[in-house]
Amino acid sequence: MKVICGYAGSKSKFADVIAAILLRSSPQRVYDICCATGSVSMALVDAGLSPDRITMVDAGPWGWFWSQVGAGTFDLPAFRALMTTMPADPKKVAAWVEQDVATMPPIAISFLVLQAASHGATPVWHDGSGWRRGEGNRRYKARGFWSPPPGSKEKNPRGTIFRPEELVPRVEEIVVKMRGVNARCADAATVDVDDAASTAVYCDPQYEGITSYGATIDWNAVLVKRLHAAPLFISEGRALVGADDAVCVYTRKRGGLNGDGAKEGADEWLSTWRGALR
């Protein structure tokens, strides 16, 4: 399975590495806290873990989506119908997203389109009165159509929604393969995690110093101090102090629209608290 769309901080490129580490202890249940796009949970299912042995938790609109997928209530026909109303002219898609989709009631199907059209894969959420995105609680704005200027090393234009023809097939596959997952749209602090040695708890919090998400988590208070038996795994851009172990699972590369080439980016670390094994 592939993630539906881009999302800042997504672990999609190395979710299989994280999943393999989580499965080493043959857990009876895995908690995916701050699951967002669900890349790690999908990698677990692709590796053979049954969806009903996974609990996904997200406080934002991703929680809406995964709760409906798990319960089998996601309105796939409505999502397909919405995508058929997208303009054929790529230069008109941004206006369609902002004027039509963003003014719909705040539901899972509209969120998926808004997130897929978010510039730079910036996180999107609803604050109760309107859609917001990124740093500073900005009002929602879709990515505009981009065409390479003269002299650019880039040759292909970039639309508002990246590969829109892939959105529906990806959602269709997820709806089938992830049905049965126990998913909740909730603050992780309110979730009763099974603190047992047979459990594995994974958390992908906001990067330190980043406030561009609609919700945040104090992973030290909510997880490290609450769990004593269950192994805990936390993703961050560095090895976390106090952990029993940490491994670098990926090094990101950065590039620009003008084709300047990839540059060294931040490392991705997975820190582990061994729980009952400490």
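This is a predicted model: local features need pLDDT of at least 70, side-chain atom pairs count only at pLDDT 80 or more; totals for chains, interfaces and linings use all residues.
## Packing of α1 against α2

Helix α1, which spans residues 15-22, packs against helix α2, which spans residues 39-46, at an angle of about 65°, and the two axes lie 8 Å apart. The crossing of these two helices, α1 and α2, is right-handed. On the α1 side the contact is made by A15, D16, I18, A19 and L22, and these meet S39, V40, A43 and L44 of α2. By residue class, the contact of α1 with α2 divides into seven nonpolar residues, one polar and one charged.

## S12, in the segment before α1

The segment that precedes α1 contains S12, a residue that counts as partly exposed because its relative accessibility is 37%, a value in between the limits of under 20% for buried and over 50% for exposed. When residues up to four places away in sequence are not counted, S12 touches V3 and S39, and S39 is also one of the α2 residues that meet α1. Between S12 and V40 there are 7.3 Å in space, C-alpha to C-alpha, although they stand 28 residues apart in sequence.

Three strands form an open sheet in the order β3-β4-β5, and their pairing is antiparallel. Because β3 (124-126) and β5 (138-139) stand at the edges and each has a single partner strand, one side of each is left without a neighbour in the sheet. Strand β4, made of residues 131-133, pairs with β5 in the antiparallel sense over two bridges, and R133 has R138, in β5, as its bridge partner.

Helix α3, covering residues 61-71, lies across β3 and β4, and its direction runs at about 85° to β3.

## Nonpolar cores

The largest nonpolar core of the model holds 63 residues, and those with the most contacts inside this core are W62, F65, W66, F74, F79 and V97. Helix α6, residues 108-116, supplies the largest share of the core, namely seven residues. Which residues does W62 touch, not counting residues up to four places away in sequence? The list comprises I4, C5, Y7, A36, T37, F111, L112 and Q115.

Apart from this core lies another one, of 20 residues, which includes A188, L223, L227 and A230.

Note on methods: Residues are numbered from 1 along each chain as its sequence is written. Side-chain values use heavy atoms; hydrogens and water are left out. Axes are lines fitted to C-alpha atoms, for helices over the stretch in contact, and angles run from 0 to 180 degrees between N-to-C directions. Helices (H or I, at least four residues) and strands (E, at least two) are DSSP runs, numbered from the N terminus. A crossing is left-handed if the near helix is turned anticlockwise from the far one by less than a right angle, and right-handed if clockwise. Contact means heavy atoms within 4.5 Å. Ala, Val, Leu, Ile, Met, Phe, Trp, Tyr, Cys and Pro count as nonpolar, Asp, Glu, Lys and Arg as charged, and the others, Gly among them, as polar. Two strands pair if DSSP finds at least two bridges between them. Buried means under 20% relative accessible area, exposed over 50%, partly exposed in between (1.4 Å probe, protein chains only). A nonpolar core is a set of buried Ala, Val, Leu, Ile, Met, Phe, Trp, Tyr and Cys residues joined through side-chain atoms within 4.5 Å.
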